[in-house]
Amino acid sequence: MNNKMQSNEKLTKKDVFKSAIRSYIGISTYNYDSGMAAGIVWAQYPSLRKIYKKDKDLQASLDNHFKFYNCHPWLSEIIIGATTAMEEKNGVASLDAVQDLKAGLMGPFSGIGDTLIWVMFPTIFGAIAGSMGKQGNPAGMYIYAGLYLLFFLFRWYLYVLGYKSGTNLVVSLGDKLSAFTDAISVLGLSVIGAIIPSVINFKLALNFSQAGVKLSGQHVLDQIMPGLLPALLVGILYYLLKKGRKMTTLILVVILIAMVGAAFGIFKV
Amino acid sequence: MGLTIWQVILITLVAYIQRMDFATTTIFPAHSIVWGTITGIILGNFQMGLVTGATLQLMSLGVAAVGGSSTPDYPVAAIISTAVAITTGKGMAAGLALGVPVGMLCINLDVVLKLLNSFFTNKAHQLADKHEFKKMTHLIPVMTFLMPLESAVPVFLAVVFGKPIINAILNFMPKWFTTGLNVAGAMLPAVGIAMLLTYMPIKKYGYWLLIGFTLAAYLKMATLGVALIGIAAAIPTFRKQVSKSNNSSDGSEKSNGLSKEDMEDE
């Protein structure tokens, strides 16, 4: 076995798999000054220990990984897989490049991951499951849960993918990902549009009488446009959010308005 | 609250597992509907769990803990609301009255635990610098096991000590309070949805909002139906974007003029 072979092939399939599984530690170490760094340290430790025979080198590598790192836990595996491959190839010499890759990609990958996995999927499937569930039908819930169960079972492969393809994949993935995000946005926007009148279903409880004829306030509004109130509410909240109001503040304000509105007979469901 | 010891333990365990899952395995991370149903099953009322969970799921639409921020813990609210609704027999409104505030209080615990994580991570880093690697690998998972307390502790407290609070609320609860909670439940998704919209490319694809809204508001189309149309629209969008980036003379996505392609499609 010549030197070149030795320095390149340190990790076995089993090692890679082990680190992939260990990445399920996810964001549980999250804190404000280092993000999820401790998590990736723990996940990669067995592989890094194998790569770096000298303690001093291992320390340097870990030191690198303790630096602030925040990315979507699922997509992060692709990056970390790639960096593991880089470190396996070039050891201590690769550390700067490793950090550059992490620093450069954690932003975009977070953007895509957060949008797709923390926001889009739960909204679309959550809306469908929730609407069905409210009627007592668990079918939507099973679909939603089933989808995520599949993700869970196969997610670790992203680490292996990153490891095998290294930096090439990550770059070529970039283009496809942005097209995919656009496509998902179309889906998302249509579903959100549909959710507005169907899920946000509070109504006006006031009645009017005009020239001896009793009219329900909600009926009048519906004649103007069904779903008018929900659309207005979303519009106002959107504007406030854009202006920099915090979400938790708005949640409290909405609850307040709802309670006061109900108390004075303005709103009902 | 009329719960047996076993039920209290199980429910607290569910809360612990829920938060652990959220931070690590993410099998059911934001699935208030699932956690509510599970609680319902433990207490012998699948339906109530499902309906309560579903309500909280809808309230939590679009709400996500992006970039390390903290959000109300809706799954916790689902667990507590279901537990209260079933055991008091007063239905979902009573459950929400306790569940939602507790879910919001969890934000504070989340912040505290994250600060604690700072401390542990720094310790782990120091161990690495001293080459005490084994110790380091043992220390890090401690954080993993501490974080779920954000859910487990409030749930435990609510379930064990919530009775007097619930009774006070139930006694005080005039009719409009229930209506108020239901209205709040119907209005809250608007916050999440508005939040969601701030992330989305409205300038570029905003007209799909209009399409989805019209289908649902006027034609009363079910959300799944709109989703299918959305998927159908997403496919040509994807193809177009991919071919755009392949042709890449102008990589930017501003298409102010109509290209031949644009005119051909619709």
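Predicted model: local features only at pLDDT ≥ 70, side-chain atom pairs only at ≥ 80, totals over all residues.
Who are its partners? Leaving aside residues up to four places away in sequence, Val160(A) touches Val16(A) and Ala20(A). For a sense of scale, take Tyr69(A): 91 residues separate it from Val160(A) in sequence, and the C-alpha atoms of the two are 20 Å apart in space.

Now for the interface. Here 100 residues of chain A are in contact with 104 residues of chain B. The size of an interface is often given as the accessible area lost when the parts come together. For chain A and chain B that buried area is about 8,900 Å², with carbon and sulfur atoms giving 79% of it.

What about polar links? Between chain A and chain B there are 20 residue pairs in polar contact, both residues at pLDDT 80 or more. The same interface has one salt bridge: Asp182(A) pairs with Lys204(B), and their closest N and O atoms lie 2.6 Å apart.

On the chain A side, several elements each supply at least two residues that touch chain B, among them helix H3 (37-51), helix H6 (95-134) and strand E4 (267-268). Sorted by class, the side of chain A that touches chain B has 65 nonpolar, 22 polar and 13 charged residues.

Terms used
Residues numbered from 1 in each chain as written. Chains lettered and ligands numbered in written order. Heavy atoms only, no water. Contact = heavy atoms within 4.5 Å. Buried area = accessible area lost by both parts, 1.4 Å probe. Salt bridge = Lys/Arg side-chain N within 4 Å of Asp/Glu carboxyl O. Polar contact = N/O pair within 3.5 Å; in protein donor to acceptor, adjacent residues only side chain to side chain. Helix = DSSP H or I, 4+ residues; strand = E, 2+ residues; numbered from the N terminus. Nonpolar A, V, L, I, M, F, W, Y, C, P; charged D, E, K, R; others polar.
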